[in-house]
Amino acid sequence: MLIRFEVENYRSIASAVELSMVAVDLDRPDVVPVDLLGESLVKVAAIYGPNASGKSNVAAALVWLQDAVATSLKYWDDGIPVDPFAFGNGPGEPTAFTLDMTVEGVRFEYNLEVDGERVVAESLLHYPNKIRRKVFERDGDEVSFQRGMTKLPRARDLMTSRTLVVSLARRFEEPLVERLVQQVLDIGAVGTTLMPKREARSLDSFLFEITDSTLRWLGGNGGGSQYAPWAAGLGVPRDGRAKALALLRLADLGIENVQWERQEVASPLSSENRTVDRLRLLHKLPGASVPLDFEQESKGTRTWFHLIGPVLRALDQGSLLVFDELDASLHPALSAELIGLFKRQDTNPRGAQLLFTSHDTSLLAHLNRDEVWLTDKRDDGSTHLGSLAEFAGERVRRSQNLEKGYLGGRFGALPQVSPVEFLRALGLVG
(Lines give C-alpha, C1' and ligand atoms only; values in the text may rest on other atoms or scores of the structure.)
Protein backbone atom coordinates (compact mmCIF):
# COMPACT_ATOMS: atom_id res chain seq x y z
CA MET A 1 0.00 0.00 0.00
CA LEU A 2 1.06 3.56 -0.62
CA ILE A 3 2.13 5.39 2.54
CA ARG A 4 3.30 8.67 1.05
CA PHE A 5 4.66 10.19 -2.15
CA GLU A 6 6.87 13.24 -2.47
CA VAL A 7 8.05 15.00 -5.61
CA GLU A 8 10.15 18.09 -6.29
CA ASN A 9 10.90 19.99 -9.50
CA TYR A 10 8.46 18.23 -11.82
CA ARG A 11 6.25 20.09 -14.32
CA SER A 12 4.39 22.76 -12.29
CA ILE A 13 5.84 21.47 -9.00
CA ALA A 14 8.89 23.48 -7.92
CA SER A 15 9.48 22.99 -4.18
CA ALA A 16 8.69 19.57 -2.74
CA VAL A 17 5.06 18.55 -2.22
CA GLU A 18 3.96 15.49 -0.28
CA LEU A 19 0.80 13.41 -0.41
CA SER A 20 0.23 11.09 2.54
CA MET A 21 -2.18 8.17 2.87
CA VAL A 22 -1.75 8.01 6.66
CA ALA A 23 -5.16 8.16 8.33
CA VAL A 24 -6.02 10.90 10.81
CA ASP A 25 -9.33 9.45 11.99
CA LEU A 26 -8.87 5.84 13.04
CA ASP A 27 -12.28 4.89 14.42
CA ARG A 28 -13.82 3.89 11.11
CA PRO A 29 -13.90 0.62 9.15
CA ASP A 30 -12.41 1.92 5.89
CA VAL A 31 -8.84 2.36 7.13
CA VAL A 32 -6.17 -0.34 7.14
CA PRO A 33 -3.98 -0.74 10.26
CA VAL A 34 -0.31 -1.56 9.53
CA ASP A 35 1.29 -2.95 12.68
CA LEU A 36 4.94 -2.56 11.64
CA LEU A 37 4.24 1.01 10.59
CA GLY A 38 2.36 1.94 13.73
CA GLU A 39 -0.20 3.78 11.59
CA SER A 40 -3.37 3.15 9.63
CA LEU A 41 -3.71 3.95 5.93
CA VAL A 42 -6.64 5.28 3.92
CA LYS A 43 -7.74 3.50 0.76
CA VAL A 44 -8.91 6.60 -1.13
CA ALA A 45 -7.39 10.03 -1.70
CA ALA A 46 -8.79 12.85 -3.84
CA ILE A 47 -6.99 15.94 -5.15
CA TYR A 48 -9.10 19.05 -5.78
CA GLY A 49 -8.12 22.41 -7.17
CA PRO A 50 -8.72 24.91 -9.99
CA ASN A 51 -7.58 24.29 -13.54
CA ALA A 52 -3.83 24.73 -14.08
CA SER A 53 -3.12 24.45 -10.35
CA GLY A 54 -1.15 21.21 -10.82
CA LYS A 55 -3.42 18.53 -9.37
CA SER A 56 -2.95 16.33 -12.45
CA ASN A 57 0.82 16.83 -12.22
CA VAL A 58 0.92 15.31 -8.74
CA ALA A 59 -0.73 12.17 -10.12
CA ALA A 60 1.43 12.26 -13.26
CA ALA A 61 4.63 12.41 -11.18
CA LEU A 62 3.70 9.19 -9.42
CA VAL A 63 2.94 7.49 -12.74
CA TRP A 64 6.23 8.83 -14.19
CA LEU A 65 8.14 7.13 -11.38
CA GLN A 66 6.29 3.87 -11.97
CA ASP A 67 7.07 4.08 -15.68
CA ALA A 68 10.72 4.82 -14.95
CA VAL A 69 11.06 1.65 -12.90
CA ALA A 70 9.38 -0.33 -15.67
CA THR A 71 11.15 1.08 -18.73
CA SER A 72 14.42 2.85 -17.87
CA LEU A 73 16.47 -0.02 -19.31
CA LYS A 74 14.57 0.20 -22.59
CA TYR A 75 14.08 3.91 -23.20
CA TRP A 76 16.78 5.87 -21.37
CA ASP A 77 19.79 5.22 -23.61
CA ASP A 78 19.61 8.68 -25.21
CA GLY A 79 18.51 10.65 -22.16
CA ILE A 80 16.14 10.70 -19.23
CA PRO A 81 12.71 12.11 -20.20
CA VAL A 82 12.22 14.12 -17.05
CA ASP A 83 10.19 17.35 -17.13
CA PRO A 84 11.48 19.86 -14.55
CA PHE A 85 9.78 23.07 -13.46
CA ALA A 86 10.21 25.48 -16.37
CA PHE A 87 10.96 28.69 -14.43
CA GLY A 88 13.63 29.87 -12.03
CA ASN A 89 16.29 27.28 -11.23
CA GLY A 90 14.06 24.36 -12.23
CA PRO A 91 15.72 23.45 -15.56
CA GLY A 92 19.17 23.29 -13.97
CA GLU A 93 18.23 21.25 -10.91
CA PRO A 94 17.48 17.52 -10.56
CA THR A 95 13.98 16.19 -10.13
CA ALA A 96 13.47 14.22 -6.92
CA PHE A 97 10.98 11.54 -5.94
CA THR A 98 10.31 9.67 -2.69
CA LEU A 99 7.94 6.71 -2.59
CA ASP A 100 6.97 5.00 0.67
CA MET A 101 5.01 1.76 0.37
CA THR A 102 4.22 -1.26 2.49
CA VAL A 103 5.10 -4.68 1.09
CA GLU A 104 3.61 -7.52 3.11
CA GLY A 105 3.32 -5.13 6.03
CA VAL A 106 6.93 -3.88 5.88
CA ARG A 107 7.69 -0.26 4.99
CA PHE A 108 9.97 0.37 1.99
CA GLU A 109 11.28 3.82 1.06
CA TYR A 110 12.56 4.46 -2.46
CA ASN A 111 14.37 7.72 -3.28
CA LEU A 112 15.40 8.92 -6.73
CA GLU A 113 17.04 12.06 -8.12
CA VAL A 114 17.53 12.47 -11.87
CA ASP A 115 18.21 15.12 -14.44
CA GLY A 116 18.01 14.81 -18.21
CA GLU A 117 21.42 13.14 -18.49
CA ARG A 118 21.99 10.92 -15.47
CA VAL A 119 20.81 9.35 -12.26
CA VAL A 120 22.08 11.71 -9.57
CA ALA A 121 21.14 9.59 -6.56
CA GLU A 122 19.07 6.50 -5.80
CA SER A 123 18.41 4.52 -2.64
CA LEU A 124 16.14 1.86 -1.22
CA LEU A 125 15.54 1.47 2.50
CA HIS A 126 13.29 -0.88 4.42
CA TYR A 127 12.11 -1.07 8.01
CA PRO A 128 11.73 -4.65 9.25
CA ASN A 129 10.74 -4.58 12.91
CA LYS A 130 10.51 -0.76 12.52
CA ILE A 131 14.33 -0.55 12.26
CA ARG A 132 15.80 1.35 9.30
CA ARG A 133 18.04 -0.76 7.09
CA LYS A 134 19.75 0.01 3.81
CA VAL A 135 19.04 -2.19 0.82
CA PHE A 136 21.25 -0.08 -1.46
CA GLU A 137 22.46 3.50 -1.75
CA ARG A 138 23.76 5.18 -4.86
CA ASP A 139 25.61 8.44 -5.43
CA GLY A 140 26.13 8.96 -9.14
CA ASP A 141 27.87 5.84 -10.47
CA GLU A 142 28.90 4.59 -7.02
CA VAL A 143 26.56 2.13 -5.31
CA SER A 144 26.74 0.13 -2.09
CA PHE A 145 24.53 -2.78 -1.10
CA GLN A 146 23.26 -4.33 2.11
CA ARG A 147 25.49 -7.05 3.47
CA GLY A 148 24.45 -10.55 2.61
CA MET A 149 23.07 -9.78 -0.83
CA THR A 150 24.35 -12.26 -3.40
CA LYS A 151 22.49 -11.40 -6.61
CA LEU A 152 21.98 -7.65 -6.86
CA PRO A 153 25.65 -6.59 -6.49
CA ARG A 154 26.26 -8.22 -9.88
CA ALA A 155 24.15 -5.39 -11.33
CA ARG A 156 27.23 -3.14 -11.12
CA ASP A 157 28.52 -4.68 -14.34
CA LEU A 158 25.42 -3.53 -16.26
CA MET A 159 24.84 -0.22 -14.52
CA THR A 160 25.29 3.00 -16.49
CA SER A 161 24.75 6.64 -15.56
CA ARG A 162 21.15 6.29 -16.84
CA THR A 163 20.29 2.88 -15.40
CA LEU A 164 18.08 2.52 -12.34
CA VAL A 165 19.27 -0.10 -9.87
CA VAL A 166 15.67 -1.11 -9.18
CA SER A 167 15.18 -1.78 -12.90
CA LEU A 168 18.23 -4.04 -12.93
CA ALA A 169 16.89 -5.82 -9.86
CA ARG A 170 14.15 -7.33 -12.04
CA ARG A 171 16.82 -9.11 -14.09
CA PHE A 172 18.75 -10.46 -11.14
CA GLU A 173 15.64 -11.53 -9.19
CA GLU A 174 16.87 -10.20 -5.86
CA PRO A 175 13.90 -11.16 -3.63
CA LEU A 176 14.08 -8.20 -1.26
CA VAL A 177 14.09 -5.61 -4.05
CA GLU A 178 11.83 -7.56 -6.38
CA ARG A 179 8.96 -7.43 -3.87
CA LEU A 180 9.00 -3.63 -3.85
CA VAL A 181 9.54 -3.35 -7.62
CA GLN A 182 6.53 -5.55 -8.34
CA GLN A 183 4.39 -3.40 -6.06
CA VAL A 184 5.45 -0.32 -8.04
CA LEU A 185 4.86 -2.02 -11.39
CA ASP A 186 1.34 -2.96 -10.32
CA ILE A 187 0.34 0.71 -10.06
CA GLY A 188 -2.37 1.37 -12.64
CA ALA A 189 -3.20 4.66 -14.34
CA VAL A 190 -6.22 6.00 -16.20
CA GLY A 191 -6.13 9.38 -17.96
CA THR A 192 -4.39 10.69 -21.07
CA THR A 193 -2.50 13.36 -19.08
CA LEU A 194 -0.76 10.54 -17.21
CA MET A 195 0.72 8.95 -20.33
CA PRO A 196 4.54 9.11 -20.66
CA LYS A 197 5.66 11.73 -23.17
CA ARG A 198 7.47 9.18 -25.31
CA GLU A 199 4.18 7.58 -26.27
CA ALA A 200 2.41 9.73 -28.85
CA ARG A 201 -0.78 7.73 -28.58
CA SER A 202 -4.14 9.17 -29.45
CA LEU A 203 -7.00 9.24 -26.97
CA ASP A 204 -8.79 6.59 -29.02
CA SER A 205 -5.85 4.18 -28.90
CA PHE A 206 -5.42 4.78 -25.18
CA LEU A 207 -9.08 4.02 -24.50
CA PHE A 208 -8.83 0.93 -26.73
CA GLU A 209 -6.12 -0.45 -24.48
CA ILE A 210 -8.34 0.08 -21.44
CA THR A 211 -11.28 -1.49 -23.26
CA ASP A 212 -9.13 -4.48 -24.13
CA SER A 213 -8.38 -4.85 -20.42
CA THR A 214 -12.11 -4.88 -19.69
CA LEU A 215 -12.68 -7.40 -22.47
CA ARG A 216 -10.19 -9.74 -20.85
CA TRP A 217 -12.19 -9.64 -17.63
CA LEU A 218 -15.37 -10.30 -19.55
CA GLY A 219 -13.79 -13.33 -21.14
CA GLY A 220 -13.59 -12.06 -24.71
CA ASN A 221 -10.40 -11.63 -26.65
CA GLY A 222 -11.77 -10.12 -29.83
CA GLY A 223 -10.92 -13.30 -31.71
CA GLY A 224 -14.37 -14.81 -32.03
CA SER A 225 -18.02 -14.47 -31.26
CA GLN A 226 -17.83 -16.79 -28.26
CA TYR A 227 -16.31 -16.06 -24.88
CA ALA A 228 -12.78 -17.39 -24.73
CA PRO A 229 -11.92 -19.71 -21.82
CA TRP A 230 -9.34 -18.30 -19.45
CA ALA A 231 -5.81 -19.15 -20.45
CA ALA A 232 -3.06 -19.76 -17.93
CA GLY A 233 -0.98 -16.66 -17.23
CA LEU A 234 -3.60 -14.03 -17.97
CA GLY A 235 -3.79 -13.17 -14.31
CA VAL A 236 -7.57 -12.90 -14.33
CA PRO A 237 -9.54 -14.96 -11.78
CA ARG A 238 -12.11 -17.46 -12.93
CA ASP A 239 -14.93 -15.31 -11.59
CA GLY A 240 -13.63 -12.28 -13.50
CA ARG A 241 -16.46 -12.31 -16.01
CA ALA A 242 -19.08 -12.38 -13.27
CA LYS A 243 -17.41 -9.46 -11.51
CA ALA A 244 -17.17 -7.42 -14.71
CA LEU A 245 -20.82 -8.00 -15.53
CA ALA A 246 -21.76 -7.09 -11.96
CA LEU A 247 -19.99 -3.74 -12.41
CA LEU A 248 -21.84 -3.14 -15.66
CA ARG A 249 -25.13 -3.79 -13.89
CA LEU A 250 -24.03 -1.72 -10.92
CA ALA A 251 -24.10 1.30 -13.20
CA ASP A 252 -27.88 0.76 -13.58
CA LEU A 253 -27.64 1.27 -17.30
CA GLY A 254 -30.05 -1.52 -18.22
CA ILE A 255 -27.17 -3.66 -19.49
CA GLU A 256 -27.33 -7.36 -18.70
CA ASN A 257 -24.66 -8.90 -20.91
CA VAL A 258 -22.13 -8.37 -23.71
CA GLN A 259 -21.59 -10.22 -26.95
CA TRP A 260 -19.41 -10.20 -30.05
CA GLU A 261 -20.99 -10.36 -33.47
CA ARG A 262 -18.85 -11.49 -36.40
CA GLN A 263 -19.34 -9.47 -39.57
CA GLU A 264 -17.86 -9.21 -43.05
CA VAL A 265 -16.77 -5.68 -43.96
CA ALA A 266 -15.01 -4.19 -46.96
CA SER A 267 -11.25 -3.86 -46.56
CA PRO A 268 -9.83 -0.39 -47.33
CA LEU A 269 -6.56 -1.97 -48.55
CA SER A 270 -7.88 -4.62 -50.92
CA SER A 271 -10.93 -5.77 -52.84
CA GLU A 272 -11.49 -8.61 -50.42
CA ASN A 273 -13.73 -8.40 -47.39
CA ARG A 274 -12.36 -8.97 -43.93
CA THR A 275 -13.94 -10.41 -40.81
CA VAL A 276 -14.30 -8.26 -37.72
CA ASP A 277 -15.89 -8.83 -34.34
CA ARG A 278 -18.20 -6.06 -33.18
CA LEU A 279 -18.72 -5.56 -29.48
CA ARG A 280 -22.37 -5.17 -28.54
CA LEU A 281 -23.98 -4.58 -25.16
CA LEU A 282 -27.25 -6.35 -24.45
CA HIS A 283 -29.95 -4.12 -22.94
CA LYS A 284 -32.77 -5.69 -20.99
CA LEU A 285 -36.22 -4.58 -22.15
CA PRO A 286 -39.64 -5.97 -21.22
CA GLY A 287 -39.70 -9.48 -22.66
CA ALA A 288 -36.50 -9.16 -24.69
CA SER A 289 -32.76 -8.40 -24.74
CA VAL A 290 -31.77 -5.90 -27.42
CA PRO A 291 -28.12 -5.58 -28.55
CA LEU A 292 -26.60 -2.15 -29.16
CA ASP A 293 -23.23 -1.50 -30.80
CA PHE A 294 -20.63 -0.26 -28.37
CA GLU A 295 -20.02 2.85 -30.50
CA GLN A 296 -23.70 3.76 -30.16
CA GLU A 297 -23.62 3.75 -26.37
CA SER A 298 -23.48 7.03 -24.51
CA LYS A 299 -20.13 8.50 -23.59
CA GLY A 300 -20.86 7.86 -19.92
CA THR A 301 -21.60 4.18 -20.59
CA ARG A 302 -18.42 3.76 -22.64
CA THR A 303 -16.35 5.50 -19.98
CA TRP A 304 -17.73 3.24 -17.27
CA PHE A 305 -17.04 0.21 -19.45
CA HIS A 306 -13.43 1.33 -19.99
CA LEU A 307 -12.86 1.54 -16.24
CA ILE A 308 -13.97 -1.97 -15.34
CA GLY A 309 -10.70 -3.68 -16.27
CA PRO A 310 -8.33 -1.31 -14.42
CA VAL A 311 -10.61 -1.21 -11.37
CA LEU A 312 -11.00 -4.98 -11.10
CA ARG A 313 -7.28 -5.45 -11.61
CA ALA A 314 -6.50 -3.09 -8.72
CA LEU A 315 -9.06 -4.70 -6.42
CA ASP A 316 -7.84 -8.19 -7.29
CA GLN A 317 -4.16 -7.37 -6.73
CA GLY A 318 -4.59 -4.96 -3.84
CA SER A 319 -2.70 -2.35 -5.88
CA LEU A 320 -2.91 1.40 -6.40
CA LEU A 321 -5.01 2.92 -9.20
CA VAL A 322 -4.28 6.52 -10.21
CA PHE A 323 -7.15 8.23 -12.00
CA ASP A 324 -7.01 11.70 -13.50
CA GLU A 325 -10.35 13.57 -13.73
CA LEU A 326 -12.58 10.92 -12.22
CA ASP A 327 -15.69 12.99 -12.89
CA ALA A 328 -15.05 13.35 -16.65
CA SER A 329 -18.01 11.80 -18.51
CA LEU A 330 -19.17 9.97 -15.39
CA HIS A 331 -22.35 10.70 -13.50
CA PRO A 332 -21.61 11.67 -9.88
CA ALA A 333 -23.50 8.58 -8.71
CA LEU A 334 -21.12 6.32 -10.65
CA SER A 335 -18.08 8.15 -9.29
CA ALA A 336 -19.49 7.69 -5.78
CA GLU A 337 -20.03 3.98 -6.47
CA LEU A 338 -16.42 3.65 -7.58
CA ILE A 339 -15.17 5.32 -4.41
CA GLY A 340 -17.37 2.96 -2.41
CA LEU A 341 -15.85 -0.09 -4.10
CA PHE A 342 -12.44 0.88 -2.77
CA LYS A 343 -13.58 1.96 0.69
CA ARG A 344 -15.70 -1.07 1.54
CA GLN A 345 -14.07 -4.12 3.11
CA ASP A 346 -16.24 -6.67 1.28
CA THR A 347 -15.38 -5.32 -2.18
CA ASN A 348 -11.78 -4.40 -1.34
CA PRO A 349 -10.43 -6.94 1.16
CA ARG A 350 -6.83 -6.67 -0.11
CA GLY A 351 -6.37 -2.97 0.57
CA ALA A 352 -6.32 -1.60 -2.98
CA GLN A 353 -6.06 2.18 -3.11
CA LEU A 354 -7.60 4.82 -5.37
CA LEU A 355 -5.93 8.19 -5.97
CA PHE A 356 -7.90 10.54 -8.18
CA THR A 357 -8.24 14.16 -9.23
CA SER A 358 -11.64 15.80 -9.63
CA HIS A 359 -13.70 18.97 -9.80
CA ASP A 360 -16.88 17.21 -8.64
CA THR A 361 -17.62 18.68 -5.22
CA SER A 362 -20.55 16.30 -4.64
CA LEU A 363 -17.97 13.53 -4.09
CA LEU A 364 -16.75 15.33 -0.97
CA ALA A 365 -19.82 13.94 0.78
CA HIS A 366 -18.28 10.48 0.36
CA LEU A 367 -14.82 11.42 1.60
CA ASN A 368 -13.31 11.93 5.02
CA ARG A 369 -11.19 14.99 5.79
CA ASP A 370 -7.96 12.92 5.65
CA GLU A 371 -8.86 11.73 2.13
CA VAL A 372 -8.95 15.20 0.54
CA TRP A 373 -5.99 17.16 -0.80
CA LEU A 374 -6.02 20.66 -2.32
CA THR A 375 -3.81 22.30 -4.91
CA ASP A 376 -3.28 26.02 -5.48
CA LYS A 377 -1.01 27.97 -7.79
CA ARG A 378 1.62 30.11 -6.08
CA ASP A 379 2.62 33.56 -7.33
CA ASP A 380 5.60 32.05 -9.18
CA GLY A 381 3.31 29.64 -11.06
CA SER A 382 4.28 26.59 -9.02
CA THR A 383 1.97 24.12 -7.34
CA HIS A 384 1.19 24.02 -3.64
CA LEU A 385 -0.37 20.82 -2.28
CA GLY A 386 -1.96 20.68 1.15
CA SER A 387 -4.03 18.28 3.21
CA LEU A 388 -7.56 19.30 4.06
CA ALA A 389 -7.18 17.63 7.46
CA GLU A 390 -4.55 20.22 8.38
CA PHE A 391 -5.70 23.15 6.27
CA ALA A 392 -3.69 26.34 6.84
CA GLY A 393 -2.32 24.97 10.11
CA GLU A 394 -5.79 24.48 11.58
CA ARG A 395 -7.32 21.06 12.00
CA VAL A 396 -10.55 20.85 10.03
CA ARG A 397 -13.34 19.47 12.19
CA ARG A 398 -14.43 15.97 11.31
CA SER A 399 -18.05 17.11 11.20
CA GLN A 400 -17.28 19.87 8.69
CA ASN A 401 -19.52 19.94 5.61
CA LEU A 402 -16.68 19.55 3.12
CA GLU A 403 -18.62 20.41 -0.03
CA LYS A 404 -20.17 23.54 1.48
CA GLY A 405 -16.83 24.64 2.90
CA TYR A 406 -15.01 24.06 -0.39
CA LEU A 407 -17.54 25.89 -2.55
CA GLY A 408 -17.67 28.71 -0.03
CA GLY A 409 -13.93 29.24 -0.34
CA ARG A 410 -13.28 28.02 3.20
CA PHE A 411 -10.38 25.85 2.01
CA GLY A 412 -9.16 27.88 -0.96
CA ALA A 413 -8.32 25.85 -4.10
CA LEU A 414 -11.08 27.58 -6.10
CA PRO A 415 -10.62 29.34 -9.44
CA GLN A 416 -10.62 33.12 -9.20
CA VAL A 417 -13.30 34.10 -11.71
CA SER A 418 -13.86 37.74 -12.60
CA PRO A 419 -17.07 38.19 -14.63
CA VAL A 420 -16.21 41.87 -15.22
CA GLU A 421 -12.85 40.95 -16.73
CA PHE A 422 -14.52 38.33 -18.92
CA LEU A 423 -17.16 40.79 -20.17
CA ARG A 424 -14.48 43.37 -20.85
CA ALA A 425 -12.54 40.82 -22.94
CA LEU A 426 -15.69 40.29 -24.99
CA GLY A 427 -15.99 44.03 -25.52
CA LEU A 428 -19.32 44.17 -23.69
CA VAL A 429 -18.17 46.58 -20.99
CA GLY A 430 -15.70 49.46 -21.02
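Predicted model: local features only at pLDDT ≥ 70, side-chain atom pairs only at ≥ 80, totals over all residues.
Local features need pLDDT of at least 70 and side-chain atom pairs count only at pLDDT 80 or more, while totals for chains, interfaces and linings use all residues. Residues are numbered from 1 along each chain as its sequence is written, and side-chain values use heavy atoms, with hydrogens and water left out.

Start with the open sheet. It has seven strands in the order E2-E1-E6-E7-E8-E9-E10, with antiparallel pairing. Strands (E, at least two residues) and helices (H or I, at least four) are DSSP runs, numbered from the N terminus. Two strands pair if DSSP finds at least two bridges between them. The edge strands, E2 (17-20) and E10 (142-145), each pair on one side only. From one strand to the next, the twist averages 5 degrees. Axes are lines fitted to C-alpha atoms, for helices over the stretch in contact; angles run from 0 to 180 degrees between N-to-C directions.

Look inside the sheet at E1 (residues 2-8) and E6 (residues 95-103). These strands run antiparallel and are joined by six bridges. Glu-8 stands opposite Ala-96 in E6.

Two helices pack here. H2 (residues 165-172) touches E7 (106-114), E8 (119-126), E9 (133-139) and E10, and its direction makes about 120 degrees with that of E9. Contact means heavy atoms within 4.5 Å. H3 (residues 175-185) lies across E6, E7, E8 and E9, running at about 105 degrees to E6.

Stay with H2. Six of its eight residues are buried, so H2 is largely enclosed by the rest of the structure. Buried means under 20% relative accessible area, exposed over 50%, and partly exposed in between (1.4 Å probe, protein chains only). The buried residues are Val-165, Val-166, Ser-167, Leu-168, Ala-169 and Phe-172. Their cover includes helix H1 (55-75), E7, E8, E9, E10 and H3. Just after H2, Glu-173 takes a positive phi of about 50 degrees.

Next comes a hairpin. Strand E3 (residues 31-34) runs antiparallel to E4, with four bridges joining them. Four residues lie between the strands, and Gly-38 in this hairpin takes a positive phi near 75 degrees. Ser-40 sits in E4 (residues 39-42). Its bridge partner is Pro-33. Ser-40 has a relative accessible area of 9%, so it is buried. Beyond its neighbours within four places in sequence, Ser-40 contacts Met-21, Val-22, Ala-23, Leu-26, Val-31, Val-32, Pro-33 and Val-34.

Now turn to a helix pair. H5 (residues 240-250) and H6 (residues 299-317) pack at about 140 degrees, with axes 10 Å apart. That angle makes H5 oblique to H6. Angles under 35 degrees count as roughly parallel, over 145 as roughly antiparallel, 65 to 115 as roughly perpendicular, and the rest as oblique. From H5, Gly-240, Lys-243, Ala-244, Leu-247, Leu-248 and Leu-250 meet Trp-304, Phe-305, Ile-308, Val-311 and Leu-312 of H6. The contact residues divide into nine nonpolar, one polar and one charged. Here Ala, Val, Leu, Ile, Met, Phe, Trp, Tyr, Cys and Pro count as nonpolar, Asp, Glu, Lys and Arg as charged, and the others, Gly among them, as polar.

The last stop is Ala-251, in the loop between H5 and strand E12 (255-266). Its relative accessibility is 9%, so Ala-251 counts as buried. Leaving aside neighbours within four places in sequence, Ala-251 is in contact with Trp-304 and Leu-334. Ser-335 is 84 residues from Ala-251 along the chain, yet their C-alpha atoms are separated by 9.9 Å.
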